[in-house]
Amino acid sequence: MKTIIYYYTLTGQCEKNAVEMAVQLDCDCERIIEKKKRLSRGFLRFLNGGSAIQKEIAKIEPVSNDPDKFDRIIVVAPFWAASPVPAIRGFTKLYQEQLKGKKLGLALSNLGTDPKEAFRKYEELFPEHLVTMSFTKAKGEWTDPKMSEKIKNYIVDLDKKN
Ligand SMILES: Cc1cc2nc3c(=O)[nH]c(=O)nc-3n(C[C@H](O)[C@H](O)[C@H](O)COP(=O)(O)O)c2cc1C
């Protein structure tokens with residue numbers, strides 16, 4: 001089965017998670033790039049939450065790995081204000097047809113609020129059921145010692161459910 005990971009990151013955490021996952025799965029990994037520049041540092045970065053609440057659909061650069069060429073697609077992303085980030089709304093809109101009939105996974109990263117609401121909202125954006133996992137971290141703890149193990153378990157889960 002050919003697998004690819006597409007990830008969006010504002011502050012770097014999802015890139016770490018996606019790369020680690022790609023190493024374990026031995027698969028391709030590509031960043032989703034939003035055309036709009038966003039504040040990514042300091043407290044002001046939290047102002048981006050407004051565009052997530054308002055369900056903004058971001059314009060993104062087309063991905064260079066054609067989703068059509070893969071059987072399994074895993075999206076790695078944060079959530080903002082318990083909502084999908086605009087770049088993933090842009091991605092699922094642009095590639096809705098290509099995502100149909102695929103085996104889909106979604107790994108969310110956040111800082112500590114319950115990801116349930118965000119998963120429910122993300123689920124609405126994809127045309128197929130998502131096998132999910134979350135990398136929730138306590139504030140300040142940027143290295144999760146259980147991350148590798150979590151990813152391993154997620155891959156087992158993906159294989160079982162997909
Ligand atoms: C605008 C904004 C809103 C956020 N809202 C939440 C939230 O509702 N709950 C939460 O646990 N973390 C929230 N976070 C934290 C991010 O989800 C978390 O830091 C994530 O790991 C960032 O991923 P990245 O570094 O790949 O961008 C928010 C971060 C930003 C910038």
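Student: Is Cys-14 buried or exposed?
Tutor: Cys-14 counts as buried, because 24 C-beta neighbours lie inside 10 Å. Buried means 20 or more other C-beta atoms within 10 Å of a residue's own, with C-beta atoms placed from the backbone; 12 or fewer is exposed, and in between is partly exposed. This is a predicted model: local features need pLDDT of at least 70, side-chain atom pairs count only at pLDDT 80 or more, and totals for chains, interfaces and linings use all residues. Residues are numbered from 1 along each chain as its sequence is written.

Student: Which residues does Cys-14 touch?
Tutor: Tyr-7, Tyr-8, Thr-9, Val-76, Ala-77, Pro-78 and Ser-109, leaving out residues up to four places away in sequence. Contact means C-beta atoms, placed from the backbone, within 7 Å.

Student: Which helix holds Cys-14?
Tutor: Helix α1. Helices here are DSSP runs of H or I, at least four residues, and strands are runs of E, at least two, numbered from the N terminus.

Student: At what angle do the axes of α1 and α6 cross?
Tutor: Roughly 55°, and the axes come within 10 Å. Axes are lines fitted to C-alpha atoms, for helices over the stretch in contact, and angles run from 0 to 180 degrees between N-to-C directions.

Student: Which residues make that contact?
Tutor: From α1, Glu-20, Met-21, Gln-24 and Leu-25; from α6, Met-147, Ser-148, Ile-151, Lys-152 and Ile-155.

Student: New topic. What do the buried residues of α3 pack against?
Tutor: β1 (3-7), α2 (49-53), β3 (72-80) and β4 (83-84). Those buried residues of α3 are Pro-86, Ala-87, Ile-88, Arg-89, Gly-90 and Phe-91.

Conventions: Two residues are in contact if their C-beta atoms, placed from the backbone, lie within 7 Å.
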